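Subject: Structure handover

Hello,

Please find the structure below. My notes on what was found in it come after.

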Amino acid sequence: MFINQTGGEEPEVKTLFQKPWFEEFIKHVLWSIFTGVKVIEIFKLDENLELYTAELIPMEHTNPKKGLILKEPGQQNGQNYKTGNLENFYLQIGKDYDIGTLAEITPLVLAKKLAMGSWLDFIEKFGIPPRIVTTDNNSTERQDELLDMMLKMVNNHVAVLNGTEKIEIPQTPNTDAYKVFNEMIARLNSEMSKRILGQDGTSDNKDTSGNYGSLKILQEVANDRHESDKLFVKYIINSQLIPRLIILSSVYAPLNNLTFDWDTSEEIEKGTMVDKAVALTNAGFELDHQILAEKTGMPITGIKKPIEQEKDGNDPKKKN
């Protein structure tokens with residue numbers, strides 16, 4: 001929502017932002033937390049002089065330290081987007097050296113990749129027991145026949161042996177490999193969840209049934225992260241996006257002296273809202289009938305006096 005200088009809301013301005021480009025912009029801003037500094041272009045207008053895309057400049061084509069947009073990756077010279085003619089059409093989200101949260105958890109990701117690869121190697125070597133053939137025939141021809149027979153037994157479990165020849169299947173190593181690899185991967189998942197979400201109780205299927213305190217804390221942590229993201233987006237919109245939109249097109253002139261904020265009001269079902277309004281009115285509170293009519297969709301045409309007052313007004317004894 002958009003707030004004017006007196007604290008009132010300007011609902012008609014919201015339609016300017018109920019567009020796909022605004023969703024793109026918020027996505028780019030939030031991803032900068034995870035992947036580092038971003039440069040966003042707001043320049044292309046449609047036939048109504050409204051912005052229709054918020055385009056992200058590929059990171060390899062930017063040099064945030066110098067404030068340059070590069071035609072080719074690795075160039076030393078380019079177009080300066082922090083000063084000059086391009087200043088009003090490009091936004092840098094994040095500091096010049098921000099690399100993002102995902103870079104900080106890279107060691108955990110690599111360790112998880114190693115653990116899963118080692119687990120696959122273990123399965124390949126020991127998941128299927130080997131087959132050993134013992135024979136007294138030392139001829140190369142017979143040994144080749146037995147080798148070919150064992151290779152074909154992968155699909156056809158049939159063998160024809162001679163004399164004292166026999167097939168043995170040894171036991172696999174008596175180690176709890178599942179526990180070794182799975183617990184390491186679970187620990188890495190937990191560490192990554194804590195770094196991104198601040199906790200791992202809502203992502204690792206942990207049993208918190210019956211523990212109201214733990215559930216409440218997890219919800220509070222999730223809300224804190226959510227509110228932090230909303231504040232970050234709010235500051236970017238107010239300090240960078242709105243001033244550039246006003247310069248970009250006359251369509252955004254109504255944004256002058258307005259401040260963007262998140263609508264934190266909770267949606268209440270109309271039936272529940274009517275019940276609450278009746279209860280508050282009976283308790284003696286005076287409600288804003290115009291807002292109540294807008295929220296419930298029920299037009300209010302007047303105020304009727306309570307029945308007790310009507311009876312008191314028609315009672316001749318009380319008039320005397």
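Ring pairs join Phe-2, Phe-17, Trp-21, Phe-22, Phe-260 and Trp-262 into a cluster. Rings of Phe, Tyr and Trp (for Trp the six-membered ring) pair if their centres lie within 6.5 Å; planes under 30 degrees apart are stacked, over 60 edge-to-face, and the rest tilted.

The model is predicted: local features need pLDDT of at least 70, side-chain atom pairs count only at pLDDT 80 or more, and totals for chains, interfaces and linings use all residues. Residues are numbered from 1 along each chain as its sequence is written, and side-chain values use heavy atoms, with hydrogens and water left out.

Aromatic pairs

The count comes to 11 aromatic pairs. Phe-2 and Phe-260 form an edge-to-face pair, 5.5 Å centre to centre with 65 degrees between the planes. Phe-2 is in strand β1 (residues 2-3) and Phe-260 in strand β10 (residues 259-260), so this pair ties together parts 258 residues apart in sequence. Helices (H or I, at least four residues) and strands (E, at least two) are DSSP runs, numbered from the N terminus. Phe-2 is buried at 2% relative accessible area, and Phe-260 is buried at 4%. Buried means under 20% relative accessible area, exposed over 50%, and partly exposed in between (1.4 Å probe, protein chains only).

Not counting residues up to four places away in sequence, Leu-245 touches Phe-17, Trp-21, Leu-51, Tyr-252 and Leu-255; contact means heavy atoms within 4.5 Å.

A buried arginine

Arg-142 lies in helix α4 (residues 140-152) and is buried, with a relative accessible area of 8%. The Arg-142 side chain makes a polar contact with the side chain of Glu-165 at 2.6 Å. A polar contact is a pair of N or O atoms within 3.5 Å; within protein, one must be able to donate a hydrogen and the other to accept it, and residues adjacent in sequence count only if both atoms are side-chain atoms. Leaving aside neighbours within four places in sequence, Arg-142 is also in contact with residues including Asn-137, Val-160 and Leu-161.

Regards
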